[in-house]
Structures are given as structure tokens and as C-alpha cells.
Amino acid sequence: MTNLQLSVVHRLPHHYRWLQGHTGLKVEPVIEARHDDNVLIGLTLLSHGGDTSWQVMRELARTLAEIEVSCSIVECDGEACLFLHRDDECAGLCRIKNIGVAVAEPAGAPHIA
């Protein structure tokens, strides 16, 4: 069993954009992302840390490249994070799920009727 099949990713809570002059290398949080076409989403691993997380992220980036989803691995808050364009989020998460990676969803409050 590979590291990918034992992996759990989580979507970072903020939207991001490339830091000016550092496309593909550094990101910054976006406060208001409604009308910006260059918004990124970030994924981090809940299941791995250290060097293993970088290896898993490289494997995820390769599998996304197979379906022509552009992404970059960037260190964010000391963790390896995978950033992709907001418009590619659905295709990217679908591909990630299809290769056996779990996607953690935030738990919402129960609906009371």
C-alpha cells in the first residue's frame, strides 16, 4: 500500500493568491476573493508530516498533472501544501479521491428542524 492510499488531505480555510513576483513559490491569504480570477485553494496533509508529507504532495502533484490540473507545492506555516486554482478544485479533489486519498470535510453543526 502506498503513502497515497493512507493519506488524508484537508482544504485550508482561506483563499490565497501568488505573492507578487513569486508565482509558484509563495502565497498570501486573500481577504475578499469574490471577483478575483487568480484565487488559489490550498490542501494540507492531516495524515503525514515531515519529509513524508513532501513526498506525498509530490505524488499528488504528479497525479493532478496527469489530468492537466496545474498546481504547486509551497511551504505554508511550516507544512507542505498543495495549491491549485479555485476553478480546478472540483476536478482536483475528484482525482485525489479516485486514487484513494481521503478528503477531510469540516464538521458542521447538526441541522435541527
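Predicted model: local features only at pLDDT ≥ 70, side-chain atom pairs only at ≥ 80, totals over all residues.
Is E89 buried or exposed at 17% relative accessibility? E89 counts as buried, where buried means under 20% relative accessible area, exposed over 50%, and partly exposed in between (1.4 Å probe, protein chains only).

Residues are numbered from 1 along each chain as its sequence is written, and side-chain values use heavy atoms, with hydrogens and water left out.

**View 1. The protein chain has 2 helices and 7 strands.** Helices (H or I, at least four residues) and strands (E, at least two) are DSSP runs, numbered from the N terminus. From that end, the order is β-β-β-β-α-β-β-α-β. Of the 113 residues, 35% are buried. Contact means heavy atoms within 4.5 Å. Among contacts between residues at least 6 apart in sequence, 60% join residues at least 24 apart.

**View 2. L82 sits in strand β6 (residues 79–85).** L82 is buried, at a relative accessible area of 0%. L43 is 39 residues away from L82 in sequence, yet the two C-alpha atoms are 5.1 Å apart.

**View 3. R11 and E89 form a salt bridge (2.7 Å, N to O).** R11 lies in strand β1 (residues 8–11) and E89 in helix α2 (residues 89–98), so the pair ties together parts 78 residues apart in sequence. A salt bridge is a side-chain nitrogen of Lys or Arg within 4 Å of a carboxyl oxygen of Asp or Glu. The whole structure holds 3 of them. R11 is partly exposed, at 24% relative accessibility.

**View 4. R17 and E28 meet through their side chains in a salt bridge (2.7 Å, N to O).** The pair links strand β2 (residues 15–18), which holds R17, with strand β3 (residues 27–30), which holds E28. The two residues are 11 apart. R17 is partly exposed, at 34%. E28 is partly exposed too, at 24%.

**View 5. R95 and E66 pair in a salt bridge (2.4 Å, N to O).** R95 is in helix α2 and E66 in helix α1 (residues 50–66), 29 residues apart. R95 counts as partly exposed, at 22% relative accessibility. E66 is exposed, at 57%.
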